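Please read it with the coordinates open.

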Amino acid sequence: MLDNHFKKEEFKKSVKENVKMLYRKTIEEATQEQVFQAVSLAVKDVIIDNWLLTQKQYEKDDPKIVYYLSMEFLMGRALGNNLINLCAYDEVKEALDELGFDLNVIEDQEPDPALGNGGLGRLAACFLDSLTTLGYCAYGCGIRYHYGLFKQKIEDGYQVEVPDNWLKNGYPFELRRPEYAKEVKFGGYVKVEYDPATGRNHFIQEGYQSVLAVPYDMPIVGYNNNVVNTLRIWDAEAINDFRLDLFDKGEYHKAVEQENLAKNIVEVLYPNDNHYAGKELRLKQQYFFISASIQEAIEKFKKTHSDLHDLPKKVAFQLNDTHPTMTVAELMRILVDEENLEWEDAWNITTQTCAYTNHTIMSEALEKWPIELFSRLLPRIYQIIEEINRRFLLEIQQKYPGNQEKIRKMAIIYDGQVKMAHLAIAGGHSVNGVARLHTEILKKQELKDFYEMYPDKFNNKTNGITQRRFLLHGNPLLASWVTEHIGAGWITDLSQLSKLKVYADDKKAQQEFMNIKYQNKVRLAKYILEHNGIEVNPNSIFDVQVKRLHEYKRQLMNILHVMYLYNKIKEHPEMPFYPRTFIFGAKAAAGYRRAKQTIKLINAVADVINNDKSINGKIKVVFIENYRVSNAEMIFAAADVSEQISTASKEASGTGNMKFMLNGAPTIGTMDGANVEIVEEVGAENAFIFGLSSDEVINYENNGGYDPMQYFNNDPDIRNVLMQLINGTYSNGDFNMFREIYDSLLNTNSSDKADTYFILADFKSYAAAQEKVEEAYRDEERWAKMALLNTACAGKFTSDRTIQQYVDEIWHLDKVVIGK
Ligand code: Z16
């Protein structure tokens, strides 16, 4: 493995040795889980050598470092991915075969480190893979949640959340680094002391509580380049306060409080995707990991550099959404309070070092912390933000004299709230959206005023995904086929996929391509039978929507359309209909009522349709329990149709759309997020586009005029489907089970807006697009060509390309070569 010289016999010996040392067992006696631990340790051993080499190279080259600051890293399993990137997968598979174990089964023993919710967290994980494969010096900085995103169980059709105790058996790929522990302070008050020597005020936080942030490092293995970067996630431990003895017992209370703070702070990941809940503990989590990360970054910088003014030359902080925006204020605190820099200097350094990525325009996702909470928890940080705000308002007034409207809309502190997005924009040199359309909407709508003031800060970075996990590991059959046709260059240069275009009309290539898809469908069908007890036909069209459950993503429209198709088949049993399997997978935030009702509806519809013998299995509906990175890899490989049906303008980018495309599944979707660019790459004739445009949606939202009742009144198909929500068809006669969903679409008895996400407006054009899908699928050659072209045109959507653009346009990092 090291230097590509993998020694099979040595590896087998090492696994046996590990089983013996860890469990006092022979390999024959070991459980699969024990073998997983033993194999992982053997792999870690190899990785550590490269990790050390990388460290040495960094010390020698002193490259600029990017710190990717993120509350979420949705890593997925490490073992298989590490073997892939070490180019040792096949060899280890063989070695384990000879020991009597199946690598797939061993991989299955690993818990999915689910330290993220969805797109944003998975993007962070793809970025670390690309940064490392491209040879850039990068640290992921995050939180070592003791419980990741909940596991989803489906009981009686409802989602039940089960705690995800991913550390239960110990996680073999992490390394505790207590020598880098940092103290993080909360609460108390700020004492001001005038220092006559310097003529400056000094700000000292007193009466605070603190926790000890202890880092755990996870290796990030680059593909075939011996580079190993670090994901550093912070755990919290109580500070065992020896000073307590010096005080009277009155301090006992405080000691207990500090201990509780440490226990609570990293306990669990908040399960919200695209939603701000305003919880105090969440704010604590944010400051906790940011303070520890920034302290560490500055300390590291100072070890080899004497002048903090050089920080922007050597360090970049990338803020993954507004969650890490505290960075701006914490860096200012360190530079001004601890390093005694002048405010103006500190501000220049900070703004040149920080950059912010925006991931949504959904207003309910905007972080706005109440001043009361913020200033109580972080008194000094709050003061600093007040000063940043004061100066920022002066700048606005200078640019727009007398314009109160600008102040109202742009202030960082306003209306009793701290607006994190405004702080992130003011405190950095770059603001980027995550797909072209999204960035344009930011510039023209959501952040218009900021764009007017700082046009040069704004830029686009269309998201991407790593082909190493989502093709090479997740779809080995297709990966080998691609390599056979165009060589292995695509693994690190995905643009080479375009060489596949010459096979689009090649009968043999088409057949091979579709045969691989078939085998992947068989693999998924087996999983579905084992996990859902539902038999699905691998010859049917696998129509897949997997992503977080959110109203704007419109899983509801999908299932309403299934109900509509079912009605049609019942009414016209003789009509031609190509068998279809509608596959869903989605977690709903634990407190998101409407989302949870939608899961129940999907399962209720599945129950009725799957058990209706009269339709001869023409439709099957499957809800895959506990959708996560590990089963996602298998699902993308098996998909025929990719459902990307968000209300136009709402999905900032989407990244699942790219994973489907890479695996040869054409998109049925709206012109939203990165779908726009997908269609641009593959051609409109190889996708199924429908629905309102983002401009039309935004126009309705700004000017009104949308009336869903019109569709209900004028379209009997829509009316029938909606009536079935309240006439017991899918609820054993219970008229109320889906009443709230019905009301949300029509709002017969409330003054709220109805059908906020334009489901009824788009319904018929969605149904028409679905008919086109069926028509295209019936023509085997046409479909094979389309599917193949989707893979062939997916080159743009590698996170390698995205990262190179971040490097060229924002971070300006230096490339590192190990052993140079
Ligand atoms: C998230 O996953 C996303 C946005 C956000 O504000 C918060 C979370 Cl947790 C998603 C976007 O919804 C999706 O469109 C995008 O592809 C993804 O972030 C990565 O940029």
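How many cavities of 30 Å³ or more does a search of the whole structure find?

1. The model is a predicted one. In it, the search of the whole structure returns eight cavities of 30 Å³ or more. The second largest cavity is the one taken up here, with a volume of about 200 Å³. Elements that contribute two or more residues to its lining are α3 (79-85), α6 (119-133) and β9 (209-221). Of these, β9 has the largest share, four residues.

2. The lining of the second largest cavity consists of 19 residues, and those nearest its centre are Met75, Asn81, Pro219, Ile220 and Arg469. By class, this lining divides into 11 nonpolar, four polar and four charged residues.

3. The second largest pocket has a volume of about 920 Å³. Its lining comprises 40 residues, with Ile361, Met362, Ser363, Leu366 and Glu446 lying nearest the centre. Of the lining residues of this pocket, 16 are nonpolar, 11 polar and 13 charged.

4. At least two lining residues come from each of α14 (404-410), β15 (417-419), α15 (420-426), α16 (436-446), α17 (448-453) and α26 (694-703). The element that gives the most to the lining of this pocket is α26, with four residues.

5. Strand β2 (residues 138-143) is mostly covered, with six of its six residues buried. Ala138, Gly140 and Gly142 are buried on one side of β2, and Tyr139, Cys141 and Ile143 are buried on the other, so that both faces are covered.

6. Two pairings of β2 can be described. With strand β1 (residues 65-69), β2 pairs in the parallel sense over four bridges, and Val66 stands opposite Ala138 of β2. With strand β10 (residues 228-238), β2 again pairs in the parallel sense, over five bridges. In this pairing Cys141 is set opposite Arg232 of β10.

7. An open sheet is formed by six strands in the order β20-β19-β18-β21-β22-β23, with parallel pairing. At its edges stand β20 (619-623) and β23 (688-689); each has a single partner strand, so one side of each is left without a neighbour in the sheet. Within this sheet order, β21 (residues 641-644) and β22 (residues 667-669) run parallel and are joined by three bridges. Glu643 stands opposite Ile668 in β22.

8. How many disulfides does a search of the whole structure find? The count is zero. Two cysteines can be checked individually. For Cys87, the closest cysteine sulfur is that of Cys126, at 18 Å, which is too far for a bond. Cys87 counts as partly exposed because its relative accessibility is 24%, and the cut-off for buried is under 20%.

9. For Cys137, the closest cysteine sulfur is in Cys141, at 11 Å, again too far for a bond. A disulfide requires the two sulfur atoms to be within 2.5 Å. Cys137 counts as buried, since its relative accessibility is 2%. Its closest cysteine by sulfur, Cys141, is one of the buried residues of β2.

Note on methods: Residues are numbered from 1 along each chain as its sequence is written. This is a predicted model: local features need pLDDT of at least 70, side-chain atom pairs count only at pLDDT 80 or more; totals for chains, interfaces and linings use all residues. Side-chain values use heavy atoms; hydrogens and water are left out. Two strands pair if DSSP finds at least two bridges between them. On a 1 Å grid over the protein atoms alone, a cavity is a set of points where a 1.4 Å probe fits but cannot get out, and a pocket is an open set with protein on both sides within 12 Å along at least five of seven lines; lining residues have an atom within 4 Å of a point. Grid points are joined across faces, edges and corners, and a volume is the space filled by probe spheres set on the points. Ala, Val, Leu, Ile, Met, Phe, Trp, Tyr, Cys and Pro count as nonpolar, Asp, Glu, Lys and Arg as charged, and the others, Gly among them, as polar. Buried means under 20% relative accessible area, exposed over 50%, partly exposed in between (1.4 Å probe, protein chains only).
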